[in-house]
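Hello,

Here is the structure I said I would pass on. Please have a look at it first; my notes follow below.

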Amino acid sequence: MLKIGLTGGIGSGKSTVAKVLEVLGVPVYYADEAAKELMHSNELLKQQLILHFGKETYFEDGQLNRKHLSSIVFNNKEKLELLNSLVHPATIADAKEWFSKQHSPYVVKEAALLFESGTAEGLDYIIGVTAPIALRIKRVMDRDGVTADEVKRRMANQVDEALKMKLCDFVVHNNEQELLLPLVLALHNELIKRSTEQ
Ligand code: ATP
């Protein structure tokens with residue numbers, strides 16, 4: 001079974017590509033969602049977060065106090081790196097366990113910070129999704145109801161997309177020149193083929 005990473009910058013369309021692959025029957029692990037879930041359910045991770053970020057990290061009912069955590073890591077690179085260094089290993093372990101339960105020619109791990117987090121290791125191929133920056137900004141503005149400045153601020157926290165794409169084995173150009181579905185179908189066929197050659 002091939003393990004495939006799927007990444008791209010904010011608004012590139014990686015979740016859209018992941019959803020198409022799911023429709024085709026491919027199991028997809030959503031790393032960002034899993035990380036959020038693990039911050040609620042993984043006892044060891046919870047203890048580590050409390051140790052480093054204070055007991056206010058969780059409300060009395062056990063729910064994560066996102067505002068508290070965001071206020072600490074916002075504009076503080078060191079604290080953000082510390083948070084990531086705690087959350088990413090938990091996500092890697094969780095994904096590994098999830099992979100072991102899947103039965104499919106290939107499985108996909110979707111993550112915005114695939115390279116930054118070191119979670120690209122152990123994957124057979126990486127798919128990058130890219131789109132022109134103006135289009136990404138417009139799509140996120142429409143999706144999240146936010147201003148262009150807000151989208152640009154979020155983008156500034158990520159590694160340059162062109163640089164990311166150079167590290168990918170396959171690149172999906174999610175622009176307005178070509179339809180996305182045929183591109184994803186072609187990629188799916190290629191990955192099925194490669195899985196049989198394993
Ligand atoms: P983020 O990192 O912010 O979660 P993402 O890379 O997962 O972003 P998506 O959520 O998949 O991006 O796409 C951003 C928005 O653009 C969504 O509302 C999606 O429906 C829309 N979109 C993506 N691709 C296309 C396309 N080819 N045509 C039209 N709309 C698209």
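**What I found**

The chain is divided into two parts: domain 1 (1-27 + 106-198) and domain 2 (32-101). Keep in mind that this is a predicted model.

Domain 1 is written as two segments, 1-27 and 106-198. Domain 2 is given as one, 32-101. Their C-alpha centres lie 24 Å apart. At the contact between them, 8 residues of domain 1 meet 7 residues of domain 2. On the domain 1 side, the touching residues split into 3 nonpolar, 3 polar and 2 charged.

Next, the secondary structure. The chain has 9 helices and 5 strands. Read from the N terminus, the order is β-α-β-α-α-α-α-β-β-α-α-α-β-α.

Now the overall dimensions. Along the principal axes, the C-alpha atoms fill a box of roughly 50 × 40 × 25 Å. The radius of gyration is 18 Å. A compact globule of 198 residues would have a value near 16 Å, so the chain agrees with that expectation.

Last, packing and contacts. Of the 198 residues, 26% count as buried. Buried here means that 20 or more other C-beta atoms lie within 10 Å of the residue's own. Among contacts with a separation of 6 or more, 76% are between residues 24 or more positions apart.

Best regards

Methods:
Residues are numbered from 1 along each chain as its sequence is written. This is a predicted model: local features need pLDDT of at least 70, side-chain atom pairs count only at pLDDT 80 or more; totals for chains, interfaces and linings use all residues. Helices (H or I, at least four residues) and strands (E, at least two) are DSSP runs, numbered from the N terminus. The radius of gyration is taken over C-alpha atoms; the globule rule is 2.2 Å times the number of residues to the power 0.38. A residue is buried if 20 or more other C-beta atoms lie within 10 Å of its own, exposed if 12 or fewer, and partly exposed in between; C-beta atoms are placed from the backbone. Two residues are in contact if their C-beta atoms, placed from the backbone, lie within 7 Å. Domain bounds come from an automatic or database domain assignment. Ala, Val, Leu, Ile, Met, Phe, Trp, Tyr, Cys and Pro count as nonpolar, Asp, Glu, Lys and Arg as charged, and the others, Gly among them, as polar.
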